[in-house]
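Reader: I have a new structure open and would like to learn how to read it. Could you take me through it step by step?

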Amino acid sequence: MLQRQLIHCLVFTCLIHCLFSFDQSARAQTSKVRLTIQSTVDHVQPMTGVVLWHDHESVATEAISMEFRYCGYDEVAVGPGQWDFSKVEQILNETASRSHQAILRFRFVYPGKTTTVPAFIRDAADYNETVAKSEGKRTHFCDWSNSDLQQFTLDFYTEFAKRYDSDPRIAFLQTGFGLWSEYHIYDGPMELGKTFPSAKYQARFLRHLDQQFDSLPWMISIDAADDEFTPIAGDASLLALDFGLFDDSFLSKSHSKWNAKNWAAMGDDRWQRTAGGGEFSYYNRRDQKLALSKSGPNGVSVEESSRDFHISFMIGNDQPKYQPTPRIREVGMAMGYRFRVTRATTAKTDLGSTIELEVTNEGVAPLYRDAFFAVRGTRSQQSLRGLLPGETRSFRIENVAGAVTENDIKIESNAILPNQAIQFFADLK
């Protein structure tokens, strides 16, 4: 009898607890109410679009979001373990003053020039550069047999990452070896372990960079897919590294024959996690003159090719000579990500309001940096980073104080400049 009473008592207690919990839950959140949001995307988004060089006469334009500059290692390294980043700071500050972010590419070799190997290495007795013609010009090539040069290059990127991995003034870092750091010496003395790093050192270099950068996307040329001089395409562990790709002969006549194979060799799905970019082809004047024409220079439009290769940006420094500003802006807006809010609700709780959003990426590539929907500084836990084209993701912004209007909903990111904005489409009535 006593046992039966205890059982009844426990059942009653559980029932009361359940009713109380249900009541608390009901009081904690009211029913969801649809939000009215009208929003549009009317400019090139950060970290996307057509890119001009840092010193272009028309660089101060809203038709672009980024500027490109080659950098020499000797602009930074002043002695063993001694660094002076004042020149880089000058470049970044000038770029940011125009509400643009920078794409930096550090290079050692450029046709017709001496290398940018720092003097304290170059002048050593055991360092011997090769001088030969490349593109008809007297060109200096690095001595990659030198252990000091090898270690310096690793140390440089360690130091660079410490300073700039989370700096919103930089959108992308490009690197590599050979001519223009494009991972080849197609014209000149190509000798592994001498004028070009050995396969062993290349692997060491790539793994080192992958360890240094957590936020800043870094990229190498698609020409690194060459299996004769590089170890990457046949090595699963190297292909797993988070490097992006740049293609410096985009839209060329032979693009589908050669370039496309290099993109594929680096992984057909690489674009889902790392960025793709490059430069419009300079193989001939036609490639530049018609790069942004509706049919492209060789029968494929930039919009179509950007979609096929999931392009975020493309250097087009000559394009202001051939195309009006609105067309440059239009092409830029066809690259990268483009977000649309397809559903939005709000519900009040004891701690404030909870906003729920459904968001689709209507662009051709993901966003490769963290960004969050936010209301007056309160951010969603979910990031927009990695939302693939055509995919939809849900976002929750919780514990928002006060009433919420459509103008309160923004996208915030620590990876963009304070005067930049990531926009989104919405037509929710």
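Reader: Let's start with burial: what share of the residues in the protein chain is buried?
Author: Buried means under 20% relative accessible area, exposed means over 50%, and partly exposed is in between (1.4 Å probe, protein chains only). Here, 52% of the 429 residues in the protein chain are buried. Please keep in mind that this is a predicted model, where local features need pLDDT of at least 70, side-chain atom pairs count only at pLDDT 80 or more, and totals for chains, interfaces and linings use all residues. Residues are numbered from 1 along each chain as its sequence is written, and side-chain values use heavy atoms, with hydrogens and water left out.

Reader: What average pLDDT does the protein chain have?
Author: pLDDT is the predictor's confidence in each residue, from 0 to 100. The protein chain averages 93, and 93% of the residues score at least 70. Where pLDDT is low, the predicted coordinates should not be read in detail.

Reader: How many helices and strands does the protein chain have?
Author: Helices (H or I, at least four residues) and strands (E, at least two) are DSSP runs, numbered from the N terminus. The protein chain has 11 helices and 21 strands. Its C-alpha atoms fill a box of roughly 100 × 55 × 40 Å along the principal axes.

Reader: Where is histidine 100, and is it buried or exposed?
Author: Histidine 100 is in the loop between α2 (86–97) and β7 (101–107). With a relative accessible area of 2%, histidine 100 is buried. Its side chain makes a polar contact with the side chain of glutamate 67, at 2.8 Å. A polar contact is a pair of N or O atoms within 3.5 Å; within protein, one must be able to donate a hydrogen and the other to accept it, and residues adjacent in sequence count only if both atoms are side-chain atoms. Leaving out residues up to four places away in sequence, histidine 100 touches several others, including Val59, Thr95 and Leu417.

Reader: Which residues have a positive phi?
Author: Most residues other than glycine have a negative phi. Serine 99 has a positive phi near 65° and sits in the loop between α2 and β7. At 29% relative accessibility, serine 99 is partly exposed. Methionine 47 also has a positive phi, about 70°. Methionine 47 lies in the loop between β2 and β3 (49–53) and is buried, at 5%.

Reader: How much space lies in the largest pocket?
Author: Rolling a probe the size of a water molecule over the atoms shows where empty space is left. On a 1 Å grid over the protein atoms alone, a pocket is an open set of points where a 1.4 Å probe fits, with protein on both sides within 12 Å along at least five of seven lines; lining residues have an atom within 4 Å of a point. Grid points are joined across faces, edges and corners, and a volume is the space filled by probe spheres set on the points. The largest pocket holds about 1000 Å³. It is lined by 31 residues, and Trp180, Glu182, His184, Tyr186 and Asp223 lie nearest its centre.

Technical notes
Contact means heavy atoms within 4.5 Å.
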